[in-house]
Amino acid sequence: MNSTSSQSYALVVKKACPTCELIEPVIAQLFNQLQLEVYVQDDPAFPACIENKIDDRSLEFSYHNDIEIVPTLIRTQPDSTEPTGAERVVGWNREEWEKFTGIESLGSNIDPFKPGCGSLTLEPGMPEILAARFKADTLKSRRVDLAGAEDIMEACYERGWSDGLPVVPPTPVRVMRMLAGTDRSPTEIIGKVPPDYVECSVEKVAINAVMAGCKPEYLPTVLAVVEAALQDAFCMHGLLCTTYFSSPVVIVNGPVTRHIDMNSGINALGQGNRANATIGRALQLIVRNVGGGKPGGIDRATLGNPGKYTFCFSEDESDPQWPSLAMDRGYQRGDSVVSLFAGDGVQPVLDQLSRTPESLARSFAASLRSVAHVKKFGMADAILVVCPEHRRVLKEGGWTKEKLKQALFDELMTPGTELMPGVDGIAEGMPEKFKDKLLNKFRDDGLHIVTAGGTAGMFSAIISGWVASGDKGSQMVSQVVK
Amino acid sequence: MQNQTMLDPTSELSPVERQLNPRLESLAGSTVGLLDISKPRGKEFLDEVASQLQELGAKVKRYSKPTFARVAPLELNQLISNECDAVIEGLAD
């Protein structure tokens, strides 16, 4: 050892790396001439040429020093136990190593150059395992330790964390992995979640996203969905409390839908796509777990609807001439946007015979009259989901989306006299004060049009909305995915 | 077996331990199940408990386990939870 030098070094190696094996003679040279600590990631008996190597099978040293490649030779600061890692050489390059150490004729009997191998710290899944182990204080949530024989899946049920379906147990490693999906700090508060109005951190969103089955790449979308749900105009608290059916419906637009492989095609409103299924579910779990909103508690729905497990889809934006929902709402085609609608079931609009836009629009309008009740006007908003074949009929007839909207508006104007209680032998109806008015089925901005579905089938759909709409209830809200 | 740890997905307003069911506010008008675990003299003891409960206005339903040595069968648990607002289990002779 060269005691005149105040400089010290650390070398990180693994036996499974051929380059590390190749440079064994170099390691021996350096060990004799430098103040050197050798850390080995896999086999504490390696390298055999020296004694006093340090077992780093825990990868603690490698992790804290951001080792990406082995071998890595680090120049450590004197009088400091924490190497800065600022100065290092990676892989084997004789010229570089000689310059770095000031020692000549290093490894003169071996090849002068050989690239290194990946550090074990970067094995798939390992960064998050190590982060959970060595940066545990990153995660602030209470830890729930299970008894040895407790079944982890059942434990989630027993603690009331599930919507009824199994959840993915939110272990620290999984949550750490989820948080890698965003640059946002785990401690950032994104808002207060009703009904308990407790602050919700990015970390809590990540935990529930894990439970819902999300991949880390979905997290920015989930965060946008939660932020949208917390906008005052959406009225999440009232939506949760209502005896009516409704619950958040999530529509995603823009490039993010392709990045995370969402489904806007065949069975778009149904099951089978992980992103569709889990992003919608994550919001529901957050309202349940963070907000404390549970059926029979604050959630007082008479019947509810199956979309309360999850209701999330993306729009078919394959036709560049047809504006998307997000564009209707003032965003650009290139923006990734989530829009939330307080809606409930899916009602089909079957029309296999219309070949003109005029006929099809009348079909749509007639079906839209039944939203909430055929004689209730200006109450519930709705989304009309136009299927690709119906869009084709509209386009071949030269109609734009704007023209369709206008036609529906015109078609749905109705004299109040037709909507009075008792008319058609139905006691339900509009209040007397509307008798002499001309009413529209939907309030201004109450009818939204999106496109989705498979290319075969002249079946569009109506997603009817909560009867408390507009200023007195919920309005569609949008949020950009960051 | 390895200990498992999860992160709490809730707002952490409640203790992490399992929660007690809500307590009855009054016995009057409620149905109380008496579960005899089938140890000797259980009947005499529970007869007395039943008459005192009835004096307080409770309706009493009687159940018994097939054997005290085993946990109650699932069907019995379901029956009691469907028919009763509360249950008292006789634990020893």
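In strand 5 of chain A, Thr76(A) is the bridge partner of Ser8(A). Strand 1 (residues 8-13) and strand 5 (residues 72-76) of chain A run antiparallel and are joined by five bridges. Two strands are said to pair if DSSP finds at least two bridges between them. Strands here are DSSP runs of E with at least two residues, helices are runs of H or I with at least four, and both are numbered from the N terminus. This is a predicted model, in which local features need pLDDT of at least 70 and side-chain atom pairs count only at pLDDT 80 or more, while totals for chains, interfaces and linings use all residues. Residues are numbered from 1 along each chain as its sequence is written, and chains are lettered from A and ligands numbered from 1 in the order in which they are written.

In chain A, an open sheet of five strands has the order 3-2-1-5-6, with mixed pairing. Its edge strands are strand 3 (54-55) and strand 6 (88-90) of chain A, each of which pairs on one side only.

Further along chain A, strand 11 (residues 189-193) and strand 12 (residues 198-201) run antiparallel and are joined by four bridges. Lys192(A) stands opposite Glu199(A) of strand 12. The two strands form a hairpin with four residues between them, and Tyr197(A) in the turn has a positive phi of about 55 degrees.

Helix 9 (residues 219-229) of chain A is largely enclosed by the rest of the structure, because 11 of its 11 residues are buried. Among the buried residues of helix 9 are Leu219(A), Pro220(A), Thr221(A) and Glu227(A). A residue counts as buried if 20 or more other C-beta atoms, placed from the backbone, lie within 10 Å of its own, as exposed if 12 or fewer do, and as partly exposed in between.

From helix 14, Ala361(A), Arg362(A), Phe364(A), Ala365(A) and Leu368(A) meet Leu404(A), Ala407(A), Leu408(A) and Glu411(A) in helix 16 of chain A. Seven nonpolar, no polar and two charged residues make up this contact. Ala, Val, Leu, Ile, Met, Phe, Trp, Tyr, Cys and Pro count as nonpolar, Asp, Glu, Lys and Arg as charged, and the others, Gly among them, as polar.

Chain B has four strands and two helices, in the sequence pattern β-β-α-β-α-β. Of its 93 residues, 15% count as buried.

Between the chains, 26 residues of chain A are in contact with 14 residues of chain B, where contact means that C-beta atoms, placed from the backbone, lie within 7 Å. Helix 8 of chain A gives the most to the side of chain A that touches chain B, with four residues. That side has 14 nonpolar, six polar and six charged residues. Strand 10 of chain A and strand 1 (residues 5-7) of chain B pair in the antiparallel sense over three bridges, with Arg143(A) opposite Leu7(B).

Key
Contact = placed C-beta atoms within 7 Å.
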